[in-house]
2 protein chains.
Amino acid sequence: MTNELQTISQTMLAALNDEMRSVLQANNTMPDTFHGMIHYHMGWVDESFQPVNVHPGKQIRPLLCLLTCQAAGGDWRQALPAAAAIEILHNFSLVHDDIEDASPTRRGRQTMWQIWGIEQAINTGDAMFAFAHLAMNRLIERGVAAPIVVQALRRFDETCVRLTQGQHADMDFEKRIEVSVAEYMAMIEGKTAVLVSLSTELGARIAGANEDTVAHYTQFGLDLGLAFQVKDDILGIWGDESLTGKSAATDIITKKKTLPVLYGLEQSEALRQLYRQPAANDTFVREAIQILDACGARTFTQNRASAYSEGAVDHLQAAHPSGSAAVALQTLTEMLLQRNA
Amino acid sequence: MTNELQTISQTMLAALNDEMRSVLQANNTMPDTFHGMIHYHMGWVDESFQPVNVHPGKQIRPLLCLLTCQAAGGDWRQALPAAAAIEILHNFSLVHDDIEDASPTRRGRQTMWQIWGIEQAINTGDAMFAFAHLAMNRLIERGVAAPIVVQALRRFDETCVRLTQGQHADMDFEKRIEVSVAEYMAMIEGKTAVLVSLSTELGARIAGANEDTVAHYTQFGLDLGLAFQVKDDILGIWGDESLTGKSAATDIITKKKTLPVLYGLEQSEALRQLYRQPAANDTFVREAIQILDACGARTFTQNRASAYSEGAVDHLQAAHPSGSAAVALQTLTEMLLQRNA
């Protein structure tokens with residue numbers, strides 16, 4: 001990370017952390033179980049509710065929100081409630097995703113439902129969803145005009161609906177044999193990209209940017225989110241094991257329906273035949289990758305990623321970001337788009 | 001139901017239904033699965049998404065919201081988004097409660113998770129939670145001032161947090177041996193009364209009532225909700241089978257920890273001893289009721305119900321409701337407080 005981005009993001013993420021702790025009532029006293037479960041999931045306490053320091057994840061979304069607000073001519077501190085809301089919302093969705101996917105661990109720790117049971121974990125997730133809204137509501141205390149707060153809340157909940165539609169489709173795809181490239185793109189847009197897009201949109205709205213500028217920042221976030229996800233699909237098959245930390249071709253071994261695979265299944269009878277068999281051995285993986293390369297699935301996916309990347313860069317430029325936050329935002333964007341892990 | 005209340009509530013509930021259908025995108029065309037699951041739970045379609053008419057429940061909360069708005073000097077139509085939000089929120093909570101309680105049926109139909117699985121039902125509940133917020137957001141389209149919308153949304157989400165705290169406690173109590181009367185009262189306040197209280201509070205706020213009047217309507221709803229729940233506890237033990245439709249003493253047979261039982265367990269060693277045994281036969285039920293009567297549990301519970309009932313009536317009077325909606329509101333209140341089924 002360059003120094004400019006590093007300095008500014010340290011300040012911003014420290015303030016974000018304070019904001020989230022305030023919303024989620026983490027005041028350094030022993031929490032009751034209701035709050036303690038939330039604090040555990042946020043990585044602030046262990047399962048006995050004793051303080052710990054767990055790495056909170058990259059917090060890219062709130063950082064994008066705060067940087068966008070500042071780069072669009074606003075004061076990033078005014079956007080802290082929205083940034084906190086987006087990060088709490090994201091964490092809420094992980095609680096329910098972990099139940100829905102039956103995931104026993106997350107970031108090296110037991111998931112909430114593993115410790116406290118599915119019933120309580122569903123309910124605590126719901127509480128976090130409500131807290132995310134209460135975080136948003138604090139915009140009014142930061143002097144954001146009430147009509148902008150109402151509009152921001154509308155966009156927040158429209159995005160939540162899109163997120164649940166994306167998750168619905170994702171779970172549905174696992175049970176289906178055929179999924180089209182178009183369906184898949186709609187799914188990852190809902191499941192991943194709209195929340196990145198909301199982050200930049202709200203930053204711009206809170207800065208009081210005009211609708212044209214807001215539209216560019218919104219599309220910047222959307223393209224950035226899509227580019228990031230499509231690159232993830234490339235790394236899942238052609239990624240460098242030493243960089244990604246996952247075994248190579250992991251998405252082939254698990255037969256995951258990602259963009260290159262779905263494109264390949266649309267294009268190649270050979271891949272369709274291969275995928276009717278169990279993915280049991282190295283031969284399967286080698287053959288699958290050969291077919292994907294041969295039928296143009298890798299090129300197709302890379303072209304998509306490039307198109308979204310260019311879209312993101314173009315829209316960010318068209319939004320005319322200014323000041324040191326603009327430099328940091330551009331650096332962050334480049335980092336996210338050049339990811340190889 | 002008296003004619004005044006009957007006429008006004010028919011008009012209001014028809015408009016409420018239209019509002020909810022609009023928010024939940026039920027436009028008389030075949031829904032996709034995502035929307036269809038929601039429409040099924042609302043009682044608008046069957047599990048093949050064909051239109052049906054299922055009785056929607058009493059819809060007391062939205063009716064209280066609309067009547068309060070009108071009686072507090074507002075136009076009830078302005079409160080329709082809040083009334084719809086509260087009813088959708090209530091329905092969302094039932095989706096997750098049914099999963100948490102492993103309930104296979106509700107209102108004579110299969111629950112959502114029974115048909116579409118726990119994973120999709122959790123997610124669809126989340127979508128309904130988001131839609132409830134989008135319903136609230138439509139207040140702005142009805143001409144409610146933005147600062148009032150922001151405040152109403154804050155109260156909405158603070159109430160959601162209370163609801164999840166109540167549900168957390170309720171599930172926790174099932175696993176515990178000792179629960180105090182005070183803990184129980186806090187639980188039912190969160191699980192039941194705060195949503196009734198929110199209904200009347202938001203009606204008054206949207207009417208533009210002053211803070212004193214809002215406070216009386218808020219407390220009216222809270223006392224009404226508590227009175228209703230405590231009476232429910234009385235009916236669960238001493239209710240008339242021919243009126244309640246449940247078998248008498250059902251809460252004794254299931255050893256449910258309701259207010260009279262918890263009071264009895266605090267007061268009577270005999271009841272504590274009895275409750276260590278299985279509730280297997282009629283002798284158990286007869287003995288339990290004898291002890292509850294003897295130790296004053298019935299009187300205690302009836303006194304509590306009376307106190308909340310009087311509180312509700314007093315606060316409603318102190319709020320000075322006016323017009324035909326006031327008459328309807330008073331009639332509805334009397335009906336709810338005189339319940340024997």
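A residue counts as buried under 20% relative accessible area, as exposed over 50%, and as partly exposed in between (1.4 Å probe, protein chains only). The legends below describe a predicted model, in which local features need pLDDT of at least 70 and side-chain atom pairs count only at pLDDT 80 or more, while totals for chains, interfaces and linings use all residues. Residues are numbered from 1 along each chain as its sequence is written, chains are lettered from A and ligands numbered from 1 in the order in which they are written, and side-chain values use heavy atoms, with hydrogens and water left out.

View 1. Glu269(A) is partly exposed, at a relative accessible area of 36%, and Arg272(A) is partly exposed at 31%. Their side chains form a salt bridge with an N to O distance of 3.0 Å; the term denotes a side-chain nitrogen of Lys or Arg within 4 Å of a carboxyl oxygen of Asp or Glu. The two residues lie 3 residues apart in helix α13 (residues 269-274), and therefore about one helical turn separates them. Helices (H or I, at least four residues) and strands (E, at least two) are DSSP runs, numbered from the N terminus.

View 2. Side chains of opposite charge can pair when their charged atoms come close. In chain A, Asp172(A) and Arg176(A) meet in this way, at 2.9 Å from N to O. Asp172(A) is partly exposed, with 27% relative accessibility, and Arg176(A) is partly exposed, also with 27%. In chain B, Asp75(B) is joined to Arg77(B) by a salt bridge whose closest N and O atoms are 3.0 Å apart. Asp75(B) has a relative accessible area of 33%, and Arg77(B) has one of 43%. Shared partners join Arg155(A), Glu158(A), Glu201(A), Arg205(A) and Glu211(A) into one network of salt bridges. Over all chains, the whole structure holds 28 salt bridges.

**View 3. The interface between chain A and chain B.** Contact (heavy atoms within 4.5 Å) links 39 residues of chain A with 39 residues of chain B. The buried area, which is the accessible area (1.4 Å probe) that two parts lose on being put together, summed over both, is about 3,500 Å², and carbon and sulfur atoms give 66% of it. On the side of chain A, Val150(A), Arg154(A) and His168(A) lose the most area to chain B, together 17% of what that side buries.

**View 4. Charged and polar pairs across the interface.** Between chain A and chain B there are 2 salt bridges. Glu141(B) pairs with Arg154(A) in a salt bridge, with the closest N and O atoms 2.8 Å apart. The two chains also share 12 residue pairs in polar contact, that is, a pair of N or O atoms within 3.5 Å; within protein, one must be able to donate a hydrogen and the other to accept it, and residues adjacent in sequence count only if both atoms are side-chain atoms. Elements giving two or more residues to the side of chain A that touches chain B are α2 (33-42), α4 (80-100), α6 (118-137) and α7 (146-175). Of these, α7(A) gives the most, with 16 residues.

**View 5. The rotation axis relating the two copies.** Chain A superposes on chain B by a rotation of 180° with 0.0 Å of shift along its axis (RMSD 0.0 Å), and the copies are thus related as by a two-fold rotation axis. The superposition is by least squares on the C-alpha atoms of residues with pLDDT of at least 70 in both. Ala146(A) is the residue of chain A that comes closest to the axis, at 2.7 Å (C-alpha).
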